[in-house]
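Have the viewer open as you read.

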Amino acid sequence: MSVLLGLVALSVPVFWAALHRSARFRDWFVPDMEWPAFQALLLPDLGLALFTAAAAVVVRVGHRPLGLLACAAGGWGYATLYTLSWTSRTAAPWLGLFVVSVGFVVVVVCCRAVVSMRETSTRVRETS
């Protein structure tokens with residue numbers, strides 16, 4: 001699970017780098033007229049990537065950080081809803097909503113799996 005969380009976290013700065021480097025790539029996600037406003041989302045997205053990466057690292061070392069996992073899942077949920085609103089109110093292509101939705105689903109599935117492992121290990125200790 002930590003590897004998937006890490007990959008999702010890494011995808012955010014890679015996505016932004018591609019947006020900044022390639023107008024052709026950017027056209028798949030953001031209309032030219034919306035690009036200046038869209039750039040305001042860079043820092044929040046990097047913060048989201050940081051939370052997701054931190055959760056991946058902490059899970060990797062063997063801890064089950066519920067608060068950090070909740071922040072990562074909640075942040076991706078908020079980003080998905082924001083992207084839905086952005087896409088429906090602008091001329092932005094729906095591909096961006098699809099991409100962020102996939103990220104949200106992966107993060108939620110990983111977080112749920114980590115929490116389930118924690119609950120299982122707690123129950124095993126209680127019955128021993």
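Predicted model: local features only at pLDDT ≥ 70, side-chain atom pairs only at ≥ 80, totals over all residues.

Residues are numbered from 1 along each chain as its sequence is written, and side-chain values use heavy atoms, with hydrogens and water left out.

For overall dimensions, the C-alpha atoms of the protein chain fill a box of roughly 60 × 25 × 20 Å along the principal axes. Of its 128 residues, 33% count as buried; buried means under 20% relative accessible area, exposed over 50%, and partly exposed in between (1.4 Å probe, protein chains only). Take the contacts with a separation of 6 or more: residues 24 or more positions apart account for 64% of them. Contact here means heavy atoms within 4.5 Å.

Now to the inside. In soluble globular proteins, nonpolar side chains tend to be buried together. A nonpolar core is a set of buried Ala, Val, Leu, Ile, Met, Phe, Trp, Tyr and Cys residues joined through side-chain atoms within 4.5 Å. The largest one has 29 residues, and L5, W16, L19, F38, L69, W76 and V107 have the most contacts inside it. The elements giving two or more residues to this core are α1 (2-21), α3 (35-38), α4 (42-60), α5 (66-89) and α6 (95-127). Zoom in on W16: leaving out residues up to four places away in sequence, W16 touches W35, F38, Q39, L41, L42 and D45.

Next, the open space. On a 1 Å grid over the protein atoms alone, a pocket is an open set of points where a 1.4 Å probe fits, with protein on both sides within 12 Å along at least five of seven lines; lining residues have an atom within 4 Å of a point. The largest pocket has a volume of about 620 Å³, that is, the space filled by probe spheres set on the points, with grid points joined across faces, edges and corners. Its lining has 28 residues, of which F15, D45, W76, T83 and V100 lie nearest the centre. Helix α5 gives the most, with eight residues. The lining divides into 21 nonpolar, six polar and one charged; Ala, Val, Leu, Ile, Met, Phe, Trp, Tyr, Cys and Pro count as nonpolar, Asp, Glu, Lys and Arg as charged, and the others, Gly among them, as polar.

T83 sits in helix α5 and is buried because its relative accessibility is 18%. Beyond four places in sequence, T83 touches G96, L97 and V100.

What about the cysteines? With a disulfide taken as a pair of cysteine sulfur atoms within 2.5 Å, the count is zero. The cysteine sulfur nearest to that of C71 belongs to C111, 10 Å away. For C110, the nearest is again that of C111, 6.9 Å away. C110 is buried, at 0% relative accessibility.

Finally, look at M117 in helix α6, which is partly exposed at 39%.

How values were computed. Helix = DSSP H or I, 4+ residues; strand = E, 2+ residues; numbered from the N terminus.
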